[in-house]
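Dear colleague,

Please find the structure below, handed over for your records.

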2 protein chains.
Amino acid sequence: MKRTFTLILSLLPFLMIAQELKSPNENFKLKFTIEEGKPTYQLNLKNKEIIKPSTLGLELVDAEDLLGDFEIISTKNSTFDETWKPVWGETATIRNHYNELVVSLKQRQTERIMTIRFRLFNDGLGFRYEFPQQEKLSYFTVKEEKTQFAMAGDHKAWWIAGDYDTQEYDYTTSKLSEIRGLMDKAITSNVSQTPFSETGVQTALMMKSEDGIYINLHEAALTEYSAMHLELDDENMTFTSHLTPDAIGNKAYMQTPTQTPWRTVIASEKAGDILLSNITLNLNEPVAYEDVSWIKPVKYIGVWWEMITGKSSWAYADLPSVKLGETDYTKVESNGRHAANTDHVKKYIDFAAEHGFDQVLVEGWNEGWEDWFDKSKDYVFDFLTPYPDFDVEELRDYAKSKGVKLMMHHETSGSIRNYERHMDAAYQFMVDNNYNAVKSGYVGDIIPRGEHHYGQWAVNHYLYAVKKAGEYGVMVNAHEAVRPTGLRRTYPNLLANESARGTEYEAFGGNNVDHTTILPFTRQIGGPMDYTPGIFETDISKLNPNNGSRVRTTIARQLALYVTMYSPLQMAADLPEHYNQHLDAFQFIKEVPVDWSETLILEAEPGDFITYARKDKNSENWFVGRTNDEEKRTSNIKFDFLEKGKDYVATVYKDAKDAHWETNPKAYEIIKYKVNSKSKLSVDCVPGGGYAISIMEAEKGELKGLERL
Amino acid sequence: MKRTFTLILSLLPFLMIAQELKSPNENFKLKFTIEEGKPTYQLNLKNKEIIKPSTLGLELVDAEDLLGDFEIISTKNSTFDETWKPVWGETATIRNHYNELVVSLKQRQTERIMTIRFRLFNDGLGFRYEFPQQEKLSYFTVKEEKTQFAMAGDHKAWWIAGDYDTQEYDYTTSKLSEIRGLMDKAITSNVSQTPFSETGVQTALMMKSEDGIYINLHEAALTEYSAMHLELDDENMTFTSHLTPDAIGNKAYMQTPTQTPWRTVIASEKAGDILLSNITLNLNEPVAYEDVSWIKPVKYIGVWWEMITGKSSWAYADLPSVKLGETDYTKVESNGRHAANTDHVKKYIDFAAEHGFDQVLVEGWNEGWEDWFDKSKDYVFDFLTPYPDFDVEELRDYAKSKGVKLMMHHETSGSIRNYERHMDAAYQFMVDNNYNAVKSGYVGDIIPRGEHHYGQWAVNHYLYAVKKAGEYGVMVNAHEAVRPTGLRRTYPNLLANESARGTEYEAFGGNNVDHTTILPFTRQIGGPMDYTPGIFETDISKLNPNNGSRVRTTIARQLALYVTMYSPLQMAADLPEHYNQHLDAFQFIKEVPVDWSETLILEAEPGDFITYARKDKNSENWFVGRTNDEEKRTSNIKFDFLEKGKDYVATVYKDAKDAHWETNPKAYEIIKYKVNSKSKLSVDCVPGGGYAISIMEAEKGELKGLERL
């Protein structure tokens, strides 16, 4: 790793004029000024306005706001350039290269100091507020952060409604000016939701200007603060930060020295650059653990989709209400649909072992599922006590004998206190029974009541759970938690989150067909998503006659998602019997890696299509994935990323000509080609379709008889 | 123990008429009726109205209220008589003797069942709501409990303001009709307080009717519910229950089968009977622990009063703000006033050993006191890390060598989540370092913010802390927690609570002179109070020139409090050097037990005086204590409680003739007498005065030369 560091301390006489900062490649230019006492910044990309002059500051509770009356007391410029290696990721190395401007501000009357730190990368901007320890400012409570992002036009946006408790919405594509009119429709029902405004949207927010600039707003390193939403002033096309409140309406409790999370603006003329940006990771702290050898990417199957579709149940019995430690399950009749039973789980273990999966997730194994949901039940699970038909020891030993691990499931029902009370025992139980990864869930309203999923209280908890898991060598896949902001760099045992509308909604009525062409530009800017792809049987009524949902995809696209929806934790979510019907297509899921050394964007337009190429971290093999929206489109790609002069076997899994997500989702073709760095391919993608390609180093003889592309 | 149980199931034809229940001695009569669909009860004592017809029921959130449209579907009468032995207490045995009426009610439209269970004792009434498991009522949220207590007149009352967060108020004595006018004055400032109404008061509420009936309203067995206040309709002299809300205004979350705490009405023509009532204990469940051998009453001294008075500090350094794990105390300069340092604590240990105290409380031993208070600081203490000048191991060994234990101190600053996160480690730390009792504190507003000290959330926590302590063999003395409701019967490791204005306020300006003549009728109805008596130096400026407070007592009364303020955990709160100046008076504190086999009330009038006689649980010795209000009064007592025909040595510690709490508090006399069961004594008590008597079995020769009373 190389690392350079230079520092220039500006002198006071210069402070009266505007401060300027350029990105290392000089494409971005940031300007900082004090306008009538207000800290103000603007950002240009090659002379195009990305952020028009926008003010910075915070409103405080029971104290003078930190909004105006500021003067610059010092500035500091520096350059940083370092290349680091993530424990796992989309690339083997990441370059962290930025120019930094630190502006120290003093509020004249109150004599309080507030510092703003700007880091300008070649792909965009990060900045945050810092509050040094000082006599006049030890503790303060944030009423609202007032960070403006003034847009230069009525951009096209891919947005979901601002909400303190859920991100599980379909994306709406519209102009900024249309958000207000579309908000009602955008807010679909969810088991815990608190939308707050007619123009409030969530980050990461993806936009595109009329002159073709792609702009993404998000945040990095969200700890000890509440998650940021964006409130749009749709007359001026200006966003202002809107933090998630606590139970009494406050936004954050701060003690100096402290800082806010980073606010990020990623921008490029190329959509693919947004996907490749490492700003979010680079603004996070380096890994916090000395030993990371226990952290490993995971490919898994699970007893899950059969419950999501309604074919089976999490609950052991059909009872309206149970009490842990009081309800005697040995005297309760099973409902006959309980999936997490020993025999059934063994079949999943057998399948995992046969096909090389690392783990088997089992949901509904522990007592309490009869009334787990929507009851504001404090003591809802103990995370230790299995149902009578789930034999922990037997399954532990059986899985061990098959070389497979079980994945633990900790649904909390949002009852955070209860989870924390049982957390040590629950993680120890995992260690004792050979579990090293947990899927946690926060379905329903948060307890303590009045707190929200995205408030400072819950944000503190999620990280507590991850750090505590680290003490036990446990990896975490947290669902319904706050959307990620790159913390995986620091805590790489946080493998993935949900924090968006995942595949489960395909069984709850369906996701928009373009959903997976948007998620990488929005939700995944912050980090990996456990999207649970791999659904081969898209007609849900085949699993549950009462469920008319249709997964809006072709099988070929389901394969592509293992490449396009980056995660070090990937599920093959469908049932073993469905995979057994398509073992040829299933082969791609078996082969696709979950850790990469290189990542390229071959084609991308948010809402339309994305084509990724990624290189396996542990071999010379490449994998390509293409997800397509509801339009029929042709993808044209080059294989120039391959090592020159070398032949590979490319296996293309693509939609058949007459395939269609709605009418003919299972029609796919698998064709093998001989390819090298000069090869090109054109593939027709059907509505809701896509394709996947494995590109393997050719063994002797394998190339024989294959058509060269 | 004897135990009888009879059961009579009433038949439906009788249900249309009023249900009646009499106390075993037939002095109390309860009548239950349905009036226009509303459950209604009334209570008489020997034909005097204690509770006029009063309605019962609850308002619910998002559901039909449980207030009207009820019919009786069954009633059940039974009798219970059992004598049980508390682990520690005011008496060696307790008789639990009542007649019970259980009325099952059905709400016609909703078909929901609500049961009301009445238990009528010879000293009063207990009743509660019960909600059986039923199809139509599994979960519900209480908006407000609407239990009426209609008084028969404009009684005299000893009251403090209803408040969700503190009971640390001086009592006001007034007619009910005067409460509204006096409320403003009654609400003195407190570090966490939330008064809610102009006529809201707290329980236990003590009253006296114009015809001389003493009435006390409180509750028993408060678990999984929020604490009850009483809201007075001062036109009709009717109280209605007012529960403590949570952060979003709800009062309680319930899952059937469940019940509310018991509501209690203790009444008698004799004030002393109120003090002797065991209704609160009898309405609690029997002891929950199999082994109680580790639970032992405690007499202790502590490094505490010197901080309370401002002579010393809890904090090691004078810093405006610290961060645990970040602030390096080894590099911080001590403020020179830090009391919890090894050498200083050793002196306390020496004193404790010399005078036979069990334990030494040390507050301020752990990092974090510099900004512990009023900062809404989440991670405020870790309960593990000592200041650099407090050597845990050295003090552990030193205390052990002296046969003394240290008492742990866990101040939480109301940050409940933080305490629970560290609780297991903190208790384990105690076990490892020879601590078996903890004083816990909840100073300041509760975190999670919006929750209150007396709400269901916090109530759940306090019991969690006690039960968890039980797992480690730890006894608890919880300050600022909810006031007790007899849970010590079930969890006898909850030795004591504060939950009222204790001696500390004598150093914050003073308590009313009559305070200790009221507390046994109010706060202590629920259980023991760690009042921390034994202040010999009443002029606080002697400890801290900047503190002009005056402890409003004579020394003689301070001795009496060890008898009148019952607790199995008693502190000698003053500094060793002050006791060394009055070792003759201190002798009483050394001798007075903290566990009793018998308790008698010799004289009592709330707000004026109380004279207790108690017999040591472990000997034949008796101890008498008298606390006096601001009036000069003469106490006349008989010694007829002594074993007949036996002579004892009575040592009387009384105010000198010219003593006065304000002008001459240290003037006391100590006189020994020969007494037997025929003896009588008349003692003049000065304003703020009182007396204490130890009555010991006479050793050979001891009686020689003593005057016979």
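The centres of domain 1 of chain A and domain 2 of chain A, taken over C-alpha atoms, are separated by 33 Å. Domain 1 comprises 2-282 of chain A, and domain 2 comprises 500-568 + 593-709; these bounds come from an automatic or database domain assignment. The contact between them (heavy atoms within 4.5 Å) takes 29 residues from domain 1 of chain A and 34 residues from domain 2 of chain A.

This is a predicted model, in which local features need pLDDT of at least 70 and side-chain atom pairs count only at pLDDT 80 or more, while totals for chains, interfaces and linings use all residues. Residues are numbered from 1 along each chain as its sequence is written, chains are lettered from A and ligands numbered from 1 in the order in which they are written, and side-chain values use heavy atoms, with hydrogens and water left out.

**Between the two domains**

Domain 1 of chain A and domain 2 of chain A bury about 2,600 Å² between them, with 57% of it on carbon and sulfur atoms. Buried area here is the accessible area (1.4 Å probe) that two parts lose on being put together, summed over both. On the side of domain 1 of chain A, Glu90(A), Tyr171(A) and Leu275(A) supply 27% of the area buried against domain 2 of chain A, more than any other three residues.

The count between these domains is 3 salt bridges, a salt bridge being a side-chain nitrogen of Lys or Arg within 4 Å of a carboxyl oxygen of Asp or Glu. Glu90(A) also forms a salt bridge with Arg614(A), the closest N and O atoms being 2.9 Å apart.

Strand E16 (205-208), strand E17 (214-220) and helix H2 (271-276) of chain A each supply at least two residues of the side of domain 1 of chain A that touches domain 2 of chain A. Helices (H or I, at least four residues) and strands (E, at least two) are DSSP runs, numbered from the N terminus. The largest share of that side, 5 residues, comes from H2(A).

**Between the chains**

Glu420(A) forms a salt bridge with Arg421(B), with the closest N and O atoms 2.8 Å apart. The interface of chain A and chain B also holds 21 residue pairs in polar contact (both at pLDDT 80 or more).

**Across the whole structure**

Over all chains, 81 salt bridges are found. The side chains of Glu100(A) and Arg117(A) meet in a salt bridge (2.8 Å, N to O).

Yours sincerely

Note on methods:
A polar contact is a pair of N or O atoms within 3.5 Å; within protein, one must be able to donate a hydrogen and the other to accept it, and residues adjacent in sequence count only if both atoms are side-chain atoms.
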